[in-house]
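Let us walk through this structure step by step. Keep the sequence and the 3D view side by side as you read.

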Amino acid sequence: MSRPRFIDRRTAILIVVANMIGTGVFTTLGLQAAGIPDGAALLLLWLIGGLIALCGALSYAELAAALPRSGGEYHFLSRIFHPLLGQLAGWVSVTVGFAAPVALAAMAMGHYAATVLPAPPTAIAVTALVLITAVHAFDLDLGRRVQVVATWLKIAVILLFCVVGLALPATSGSLSVLPSAMTLEAVWSAPFAVSLIYVAYAYSGWNAAAYVVDEVQDPHRAVPRALLLGTLSVTLLYLLLNLTFLRTVDYGALVGRVEVGALSAETIFGAVGGHLMSLVLTLLLVSTVSAMVLAGPRVLERIGEDLPFFRPLGVRNRRGAPTRAVLLQQGLALAMILTGSFEGVLSFAGFTLTLFAVITVAGVVRLRRREPNLPRPFRVPWYPLPPLVFILVSLASLLFLAAERPLPVLLAVLLLGLGWVSVRLSGRR
């Protein structure tokens with residue numbers, strides 16, 4: 001069934017930017033700094049993360065142009081490998097793919113807002129999630145307009161924050177960002193490899209435009225452009241943000257803290273200004289949650305159109321919104337907020353999403369070998385280097401995470417096992 005193509009090129013780029021900029025960059029630097037006490041190594045970590053995300057975006061751009069249909073990994077893996085693998089990716093999308101990032105973004109909002117408002121972080125997170133869900137669940141065009149405005153506001157505030165922060169002298173006790181003898185040692189350490197998973201999660205969302213292909217105008221050109229320009233823009237903003245954080249926050253205060261942006265804002269703008277900036281950063285995370293609520297249910301909806309067991313998810317209301325898919329995704333996110341810790345959900349989601357991104361990028365190589373004559377309006381430049389770099393670095397990070405954080409990885413494996421059983425049962429029905 002054809003869908004109205006209400007997403008133009010600019011909105012497609014903004015969807016990618018909004019999906020990427022959010023929880024990870026504002027919350028994970030303190031976790032990384034606990035094991036990497038070197039500013040240059042931390043900045044290099046974010047640069048490597050951007051390059052890996054760009055390799056992934058190039059690969060997804062080729063797949064989206066050659067196989068233009070909404071659904072992301074679910075559609076790609078079903079088409080390239082086997083429908084059962086695609087359905088397993090769909091299971092991950094239903095249970096983790098968007099619900100976990102939504103939960104993490106809402107939890108981050110709660111941490112930031114709690115520095116200003118007299119309310120528990122969990123209560124703030126739940127309230128924000130319910131309000132954003134109400135916008136997207138019942139009116140398609142209202143959700144799109146909220147998304148565009150929130151994302152432009154996010155970009156403007158981040159740039160202002162970085163300009164003011166970098167104009168100030170470095171804070172006493174902050175990490176130097178100049179390379180030293182410790183930098184190389186830090187790069188080859190196990191914490192650096194584990195932190196790549198955190199950074200990979202912060203960059204996740206570079207594939208967002210692939211989830212809404214059916215609703216993008218001129219998708220053969222617009223989707224690859226959105227993936228590439230969105231990823232490059234966010235990489236630059238992430239480097240500026242982390243440079244600002246490292247220069248303005250004392251290392252002792254940074255280690256292990258989630259609300260890194262609030263600490264930096266307090267140094268830059270003073271106590272009152274810091275509280276105000278924390279409130280602004282809270283509002284910026286609305287754009288992140290909104291973007292994932294916009295993209296995620298399209299995958300659930302596509303699964304509902306293909307699989308009888310999930311058919312209720314494919315139904316839209318009179319205003320064109322996939323209400324049931326939105327409510328399912330947000331219900332799962334709400335459960336994660338109420339039952340999980342931030343770092344636990346982060347490791348669990350990061351492992352699962354990175355694993356399926358690796359399999360999907362490998363699909364570029366398989367599809368080129370199996371169908372060399374398939375029309376490809378966009379082709380990965382310098383092939384096969386970008387897909388191979390993405391696959392090898394991501395697999396190394398997954399192995400280190402499995403060794404260092406076995407419990408979240410075990411939960412991810414159990415989820416995949418449960419998903420496999422569910423997929424096989426639904427296939428038999």
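**A helix, a cavity and a ring cluster**

Helix α7 (residues 99-114) has 16 residues and reaches 22 Å from its first C-alpha to its last. That is close to the 22 Å expected at 1.5 Å a residue. Helices here are DSSP runs of H or I with at least four residues, numbered from the N terminus. The expected span is 1.5 Å times one less than the number of residues. This is a predicted model: local features need pLDDT of at least 70, side-chain atom pairs count only at pLDDT 80 or more, and totals for chains, interfaces and linings use all residues. Residues are numbered from 1 along each chain as its sequence is written, and side-chain values use heavy atoms, with hydrogens and water left out.

Of the 16 residues of α7, 14 are buried, so the rest of the structure largely encloses this helix. Buried means under 20% relative accessible area, exposed over 50%, and partly exposed in between, with a 1.4 Å probe and protein chains only.

The whole structure holds three cavities of 30 Å³ or more. A cavity is a set of points on a 1 Å grid over the protein atoms alone, where a 1.4 Å probe fits but cannot get out; lining residues have an atom within 4 Å of a point. The largest cavity has a volume of about 570 Å³, the volume being the space filled by probe spheres set on the points. Its lining has 38 residues, and the closest to its centre are Ala 200, Ser 204, Gly 205, Trp 206 and Leu 353. Several helices supply at least two lining residues each, among them α4 (39-66), α14 (260-306) and α16 (342-370). Helix α11 gives the largest share, seven residues.

Next come the aromatic rings. Six aromatic pairs are found. Rings of Phe, Tyr and Trp (its six-membered ring) pair if their centres lie within 6.5 Å; planes under 30 degrees apart count as stacked, over 60 as edge-to-face and the rest as tilted. The ring centres of Trp 46 and Tyr 238 are 5.5 Å apart and the planes stand at 90 degrees, so this pair is edge-to-face. Trp 46 lies in α4 and Tyr 238 in α12 (residues 219-248), so the pair ties together parts 192 residues apart in sequence. Both Trp 46 and Tyr 238 are buried. Ring pairs link Trp 46, Tyr 203 and Tyr 238 into a cluster.

Technical notes: 1 Å grid on protein atoms, 1.4 Å probe; cavity = no way out; pocket = protein on both sides within 12 Å on 5 of 7 lines; lining within 4 Å.
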